[in-house]
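I opened a notebook page for this structure. These are my entries on what I looked up.

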Amino acid sequence: NIWRLDPISKDFKRIPWKVQEPLNSPAVGNVAFDPDGFLWRTRDGAVSKVGALTGVEEESYRTKKFASTYGSAMSDDGRYFGGGAWPRDGIVVVDRKTGEVFEPETSPDSGPARGEFDPFDNYWASGRGGQLIKFDIKEKRIHEYPLPTPYTSLYTAKADKNGEVWAGELNGGHYLRFDPKTEQFTTYTLPEPFAMDRESWIDNSTNPVSVWFVDHDGWLIHIQPLD
């Protein structure tokens, strides 16, 4: 089921969602919301736009390579969708302005997971196989950047207002800051030997930009760069 909580009235509303999956299994997968409040996902071989309050499919874009994605993200202008793809390594990006669907494959075992768009509409995905992955919207191609710490991985990647990308090394004890202009990583060493950031929040109101993330093992962490 899909449920909506109204934080003002504190009322829950069940959304009439027609799922194909059996009971006690994942229903709709990971979803994202566009600026107009519609829900987006990749499932059953299509990227779909669904009314968040009606459960009715409004738009659909068929995929050819990838049946579903692990992550979902929308750009600020609501034109693009991206995610780590399945059943093999890759991502899905839809340009709603042109109706084009891009399904570039990434290197074997790169494992794209969750990510989002930067201010220039490039899609960034974390790689569970030890890569930071970028889909350049102008070039329409993939770029991969190996992590500075061997044998570690990422779960999610977030871009700040300057276009720099932030992500935690899951088992490396570091939080990473990537500058696409120089293609260099800045590594922040954490007091604990891991960085299981299931979800991060970029605070663009500070100068310089700062980052919060919730660690899977019970930490709330705030990173304040000194530059």
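I take partly exposed to mean a relative accessible area between the buried limit of under 20% and the exposed limit of over 50%. Lys65, at 36%, is therefore partly exposed. I note that the model is a predicted one.

I searched the whole structure for salt bridges and found 12. One of them joins the side chains of Lys65 and Glu105, at 3.6 Å from N to O. Lys65 sits in the loop between strand 6 and strand 7, Glu105 in the loop between strand 12 and strand 13, and the two are 40 residues apart. Glu105 is partly exposed at 40%.

I then looked for another partner of Glu105 and found Arg88, with the closest N and O atoms 3.3 Å apart. Arg88 lies in the loop between strand 10 and strand 11, so this pair ties together parts 17 residues apart in sequence. Arg88 is partly exposed too, at 37%.

Next I checked Arg177 and Glu164, whose side chains meet in a salt bridge at 3.0 Å, N to O. Arg177 is in strand 19 and Glu164 in the loop between strand 17 and strand 18. Are they buried or exposed? Arg177 is buried at 12%, and Glu164 is buried at 13%.

I turned to Asn122, in the loop between strand 13 and strand 14. Asn122 is buried, at 7%. A polar atom of its side chain lies 3.0 Å from the backbone nitrogen of Ile137.

Last, I recorded a nonpolar surface patch of about 430 Å², made by Trp201, Trp212, Val214 and Leu220. Val214 belongs to strand 22 and is partly exposed at 47%.

Methods. Residues are numbered from 1 along each chain as its sequence is written. This is a predicted model: local features need pLDDT of at least 70, side-chain atom pairs count only at pLDDT 80 or more; totals for chains, interfaces and linings use all residues. Side-chain values use heavy atoms; hydrogens and water are left out. Patches are made of residues with over 30% relative accessible area and no salt bridge: like charges are joined within 9 Å, nonpolar side chains (Val, Leu, Ile, Met, Phe, Trp, Tyr) within 5 Å. Accessible areas come from the Shrake-Rupley method with a 1.4 Å probe; for residues, only the protein chains shown count as cover. A salt bridge is a side-chain nitrogen of Lys or Arg within 4 Å of a carboxyl oxygen of Asp or Glu. Helices (H or I, at least four residues) and strands (E, at least two) are DSSP runs, numbered from the N terminus. Buried means under 20% relative accessible area, exposed over 50%, partly exposed in between (1.4 Å probe, protein chains only). A polar contact is a pair of N or O atoms within 3.5 Å; within protein, one must be able to donate a hydrogen and the other to accept it, and residues adjacent in sequence count only if both atoms are side-chain atoms.
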